[in-house]
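Q: Please take me through this structure feature by feature. For each feature I would like the general idea, then the case at hand.

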Amino acid sequence: MRIRRNPSTWGSTMASGERETPSIWDSSEAWAACAKALREYDEDMIQDWKEEIDTLLVFAGLFSAVVTAFNIESYQLLQQQPEDAVVTILAQISAQLSSFSVDQQSINTTIPANVTDVPPFRPSTFAVRLNALWFSSLVCGLLSASLGLLVKQWLREYLAGSSNVSRESIRIRQFRYEGLRKWHVPLIILCLPILLQAALVLFLVGLLDFLWNLHRVVAAIITVIVAVILLFAAATNIFPLIRADCPYKSPLSWALCVMVQSTKRFLVSLATHFHQMLSTPSPAPVLPQPNAQPANLATPIPWMSRPDLSGALPSRLSESLRAWLSRLASTRSYSSWKEREKLFTTETGQRAAVLDDATLAGADEMFMDDAFLHAVVRPCMRDIAPRAAFRCVNQILFRRAPRMLDGLPYWEPARSLDARGGDTGPLTLMHLLLDVLHRLNQSRMLELELDGDDDEPGENLVKARETVLRTMHRLVRALPGPAESRSGALADKKDSQTYALFRRMFEVLAGVVDAEVGQAIPERYILERSFNLMLKLFPRFQAVGPTCILAFCAYSRQTRIQNAPYRFMQACSMIVRASALLARDSSRAPSLANANATGGGPAASETTPFLAEPISGHQEELSNDSALTLYDEPHSSSSEDGVESPEESVIHDEYGFVRPAVLKVLDDLKDFLSTAMADTAEFRPTTAMLAECAQALLALAARDRPAISPGLVDALSNMVWLASAACARDEGGHDWHVRDGYDSCRGREDQETHLAKQATKLLRRMYGVRMLEEINSPWREQV
C-alpha cells in the first residue's frame, strides 16, 4: 500500500529524488494508513450493499407489476357485481309470471306469489383467502422496494465527507459505524430479500388456491412445479446450516443461522449448568442444632441439596452424558459466515492440509504452465505438510503425464532438450518429486507424524515414499540427456538446468540411502529402489558430491555384511568412479595443489597423494585405451571459450574429506576379491562388473595412486583371469589351458572381458605387479 505523504514533510526527499522510508514511529503516517484502510473497507461494504439493493429493486418492480395484474381480477370477488342485481330482478319476474294459473271455472286467476327477500351480499371464503394472499404479496414487494430506497439514502449519508484522512475524520467514521450497528442497518438490509421471498411464497400459495377452484388437472400440475421450487428454495437455505462448505449462503439462510445460534447459546448455558451438576454435586445446606456437639453442629436439609446425578445414573450412562454435555458446552458460536469458515479451515491440520494441496493442484490445472509451476506452485508447496505435498504432486503428475500405466504416470523416453523442442516440464516435475521425497525422508528420520490424520503414519509414510520412487523411475526416462553439440545461450542454460537436476537427484537419493542404512530395521524396498535409480543415472551423470560418495560407502558396507556380492561390486564401482572425478576437480584447487607439493594428505608417507595428470610412463597407453572404457571420464565442464562451469565456481578439497571412507571401501573390495567365496560361481562378479571396477580403479589411480594397493590390483587381476577362464570353459569348443597365457582366450571373449583385461594390465604395470604369465602360484595351478 502506497501512502501519500504530507507535502510539508517532503523537503529533502523531493530535492534528492530518493524515496524516504517512513519510520514505524511516525504516528501521522500510521493514522493516514489506518484512515485509508478503513475507507476502502467501508467503500467495499457499501458498494456490495448497493449492488444487492439495485438487484432487489429491479425484481420488486417486475414482481409488483405481475401481482397487480392478478389483484385487478381478484378484488372484484370481494364486492357485489351489477350482474348479480340483474339476476336477482329476473328471478323475481320469473316468480311473478309463474303465479298465473288456468282452471275450468276461471282464467287469469292470480295466485299470490311467495316472493322471498334477497339476502345481502357476502364474499365467499375463497375470495377472502385469495385476496388476502395476493394483496399481502403485493404489499411485501412494495415494502421491500421502499425500504431499499431508504437504505440507499442512509448509505449515501454514511460515506458523505469521508474523503479526508485526518484523525477527526477517523473519529467521525467510527461514530457513524457504531450508529450503523446500533440502529440495525445491516439487519434491515438483510430483511429486504427476505420480504421479497415471502411475497413470492404468498403469491404462489394464492395462485394454487385459485387454480384448485377452477380446474383440478391444471391445479395438480402447477402444484407439483411449485412444490419442487419451494423444496429447492428451502433446501438451499437449510444446507448452509448443516455443511460449512455449502455455497448456498443467502440472507434468509443467515437469518436461520442467527436463530440457530440463539438456540445453541441457550442450550450451551443449560449444558454448562447440568455438566457442573453432574461433575461436582454441591453439599446440602445444613441447619444448626441447639444442643449439638462441636463435631456435629448441623444436619443437612435433603430437599434443599443439589441432586447427585452421577450417583443416580449408571456409570456408563453418566460418562456418556458427561462427555456429550462437555462437547455441547464447548460449542462455539460465530457472528458471520467468514468466521465460521475460518473456524472450519483452521480447526484441524488435516482439513487445512487438504485445502492447501487442493489449492495448488487446482492452480496448476487452471494454467498448465511450466513457468507458473516452477515459480509459484513449487515454492508454495514447501510450506504445506509433507503428505499434502505428496497428494498435490500426485494430482499434478496424473494430469501432466502423457498416459497411465498400472495406475502410475508414464512418460516416453527423451534424448535431449533439443529433441523435445525445449520442453522443460519433466525437469520441473522431477524437482517436485525430489522436494516431496526429501521432506518425506526428513519425516522418516525424525519420526514425525505427517498430518495427524492416520492411525499408522509410519506405514503411510513408507507407502508415500515407495510411490514417489516408482514415479521417479518412470519420469527419469523423459529427462533430457546431454546433447552432442549445443549453440546459443538458451541451450547452455538448459544444459545447466539438467546438470543441477541430476546433481540434486543424487543428493536426495543419497540422503534416502543414508537414512535407511542408519535405521535398525531399514525399509528394504526403499533402499533398493533408491540405489537402483542412482545406478540407472550414474552412466549419464557421474560428477556427484561427497555426500553421495559417503552414502555409497555406507551402502557398500551394508551389502558386504548382508553378503550381497553383486550390489557390493556395483557400489564399489560407483564409489571409485565418483572419487576419481572428485579427485580430478579437487586437484585444481590451490589448497590441494599446495598439499600435493608438500606431500600432505592421508597418504603422505607413501608418495604424492593426488596426481593432477596420469603417470607419465603409461599416459600413452591410457590414452590409447580410453575409447574402450564403459564409462568414459567426463571432460572438463569448462568450454574452450572460457565459460566457467558450475563445478568450477566453487572448488574445495572435498576429496580429502571422503578419502578415508573410500580407502576403507577399497580395503573391503580387496578382502572380498581375495576370499574363496568370491571365486565360486554363485558369488563371482560378472565380467561387466569387473570391467566397470577395473576402469574405475584405473581412473582413480591416475588421480590418487596411493589410494589403491598392489594387493587390490593383484586380487582384481586374479578375479578377471578366473572370470575369463570360466567364460571360455562355458563356451566350449576351444582347447584352452591356463598355461597358454593371459590373452589366449581373446579371440572368443566379449567386450567386457577385453576391457577388464586391458584395465588390469595397465594397473599391474603402474603398480609393478608381475603378470600372471610370469608367476607359478598354487592358485594358478588350481585354475
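Q: Is helix α27 mostly covered or mostly open, and how many of its 17 residues are buried?
A: Some ground rules come before the count. This is a predicted model, in which local features need pLDDT of at least 70 and side-chain atom pairs count only at pLDDT 80 or more, while totals for chains, interfaces and linings use all residues. Residues are numbered from 1 along each chain as its sequence is written, and side-chain values use heavy atoms, with hydrogens and water left out. Helices (H or I, at least four residues) and strands (E, at least two) are DSSP runs, numbered from the N terminus. Buried means under 20% relative accessible area, exposed means over 50%, and partly exposed lies in between (1.4 Å probe, protein chains only). On that scale α27 is mostly covered, with 14 of its 17 residues buried.

Q: Where does helix α24 bend, and by how much?
A: The bend at a residue is the angle between axes fitted to the seven residues ending there and the seven starting there. In α24 the bend is about 40 degrees, at Pro-660. This helix covers residues 654-674, 21 residues in all, and its first and last C-alpha atoms are 30 Å apart, close to the expected 30 Å. Its buried residues include Arg-659, Ala-661 and Asp-668.

Q: Which residues other than glycine have a positive phi?
A: Most residues other than glycine have a negative phi, and most peptide bonds are trans. Met-368 has a positive phi near 50 degrees; this residue is in the loop between α12 (349-367) and α13 (370-381) and is partly exposed at 40% relative accessible area. Asn-563 also has a positive phi, near 60 degrees. Asn-563 lies in the loop between α19 (546-561) and α20 (565-586), and with a relative accessible area of 35% it is partly exposed.

Q: How many aromatic pairs does the count give?
A: A pair of aromatic rings is described by the distance of the centres and the angle of the planes. Rings of Phe, Tyr and Trp (its six-membered ring) pair if their centres lie within 6.5 Å; planes under 30 degrees apart count as stacked, over 60 as edge-to-face and the rest as tilted. The count comes to 14 pairs. In one of them, Phe-70 with Phe-203, the centres are 5.2 Å apart and the planes stand at 75 degrees, so this pair is edge-to-face. Phe-70 lies in α2 (residues 27-74) and Phe-203 in α6 (residues 185-212), so the pair ties together parts 133 residues apart in sequence. Phe-70 is partly exposed at 31%, whereas Phe-203 is buried at 8%. Ring pairs also link both into a cluster with Phe-59, Phe-63, Phe-126, Trp-134 and Phe-210.

Q: Which charged residues sit over a ring?
A: A charge sits over a ring if NZ of Lys or CZ of Arg is within 6 Å of the ring centre and within 35 degrees of the ring normal. Arg-173 lies over the face of Tyr-177, 4.5 Å from the ring centre. The charged end of Arg-705 is over the ring of Tyr-767, 5.4 Å from its centre.

Q: What volume does the second largest pocket have?
A: About 880 Å³. The pocket is lined by 24 residues, and Arg-181, Pro-186, Trp-254, Ser-335 and Ser-336 lie nearest its centre. The largest share of this lining, 6 residues, comes from α8.

Conventions. The expected span of a helix is 1.5 Å times one less than its number of residues. On a 1 Å grid over the protein atoms alone, a cavity is a set of points where a 1.4 Å probe fits but cannot get out, and a pocket is an open set with protein on both sides within 12 Å along at least five of seven lines; lining residues have an atom within 4 Å of a point. Grid points are joined across faces, edges and corners, and a volume is the space filled by probe spheres set on the points.
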